[in-house]
Amino acid sequence: MSNDGNLLQVNDLKVWFGSPKDPIRAVDGITFSVHEGMTVALVGESGCGKSVTAMSLAKLVPSPAGFYAGGEILFDGRDVLKMTDKQLTEVRGGSISYVFQEPGSALNPVFRIGYQIGEAVKLHRRDADTHAETVKLMSMVGLPDPETRMKAYPHELSGGMQQRAMIAMALACRPKLLVADEPTTALDVTIQAQILELLKSLQADLGMAVLLITHNLGLVADIAHFVNVMYAGRIVESGDVEDVLMRPAHPYTRGLLDAVPRLENEGKKMKGIDGSVPHPGRLPQGCKFWPRCPKAQEACRGEEPGITTTDATEKRKPHSFRCYFPL
């Protein structure tokens, strides 16, 4: 772990696609960190660059379609972008593991569940008893009767069980960082709650850090310690979860919060954010959110606002945002 206490430190990361002369800026200069044992959320609508950021952490963005145009990804003090293929193989699945959305698509349909979990154990923990460890992992994530379930194919399991199997695979190598990319999107509400509780329980037991990728601020409130709100390839607001959710500064964060369903609003029309996320190859000048922002003024269309960080007080922790006219 680095001297500053961060397990992961991403500095001014830029991940672009297409031609370097006319790039599509999917991720355009983001900075954030994840401390050991903490849960950090990366939040935003589809198309904001969250998943590209997640894939970048283990240098998984396909090349030459995508390329790293700048920045650094420091994991345990080492820059992932400068690692050799052998070093990356050790990091991928070993130190950094992933749980992807839609487990039915992520799992291989022609191999049994036990084989897929055991394969991860064999690759990164050659001294372990593969069968015993597979049973242990399946029990850990709450899969009933693991000796029987490990013989099942993915289509024979429910969506919730498939996601538990994916989490077992991710934990097989005892990672320091678990990247959960929309881990509950394809699941019903009851199963979503179970998966979130499972992640919290496993994190407490294993002491790993979690990066939660989601579009739902309701999930963030349940599990995260720190949140980064992402829009059009940039982080537009970041801070302690309670501070950001209770006192958002950026109009985009406010819009995401208003879009969370609430029981007290039963019978009322749900609020949303007008328009859609701009294509990363056709971003507006100035603040990227101004075409959809209810507070936009002429200044927002000129130069993109820089990062403003509020001072810590007795009631508030430091809080950063990009906005000329904060809430």
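This note goes through the salt bridges of the predicted model above.

1. Ground rules. Residues are numbered from 1 along each chain as its sequence is written, and side-chain values use heavy atoms, with hydrogens and water left out. The model is predicted: local features need pLDDT of at least 70, side-chain atom pairs count only at pLDDT 80 or more, and totals for chains, interfaces and linings use all residues.

2. The count. The whole structure holds 10 salt bridges (a side-chain nitrogen of Lys or Arg within 4 Å of a carboxyl oxygen of Asp or Glu).

3. K176 and D76. These two residues form a salt bridge, with their closest N and O atoms 2.5 Å apart. K176 sits in the loop between α7 (159-171) and β7 (177-181), and D76 in the loop between β4 (66-75) and β5 (78-79), so the pair ties together parts 100 residues apart in sequence. K176 is partly exposed, at 38% relative accessible area. D76 is partly exposed too, at 22%. (Buried means under 20% relative accessible area, exposed over 50%, partly exposed in between, with a 1.4 Å probe and protein chains only.)

4. R125 and E133. Their closest N and O atoms lie 3.0 Å apart in a salt bridge. Both residues are buried.

5. R247 and D243. This salt bridge spans 2.9 Å, N to O. R247 is partly exposed, with a relative accessible area of 35%. D243 is buried, at 3%.

6. A network. Salt bridges link R25, D28, R234, K288 and E304.

Notes:
Helices (H or I, at least four residues) and strands (E, at least two) are DSSP runs, numbered from the N terminus.
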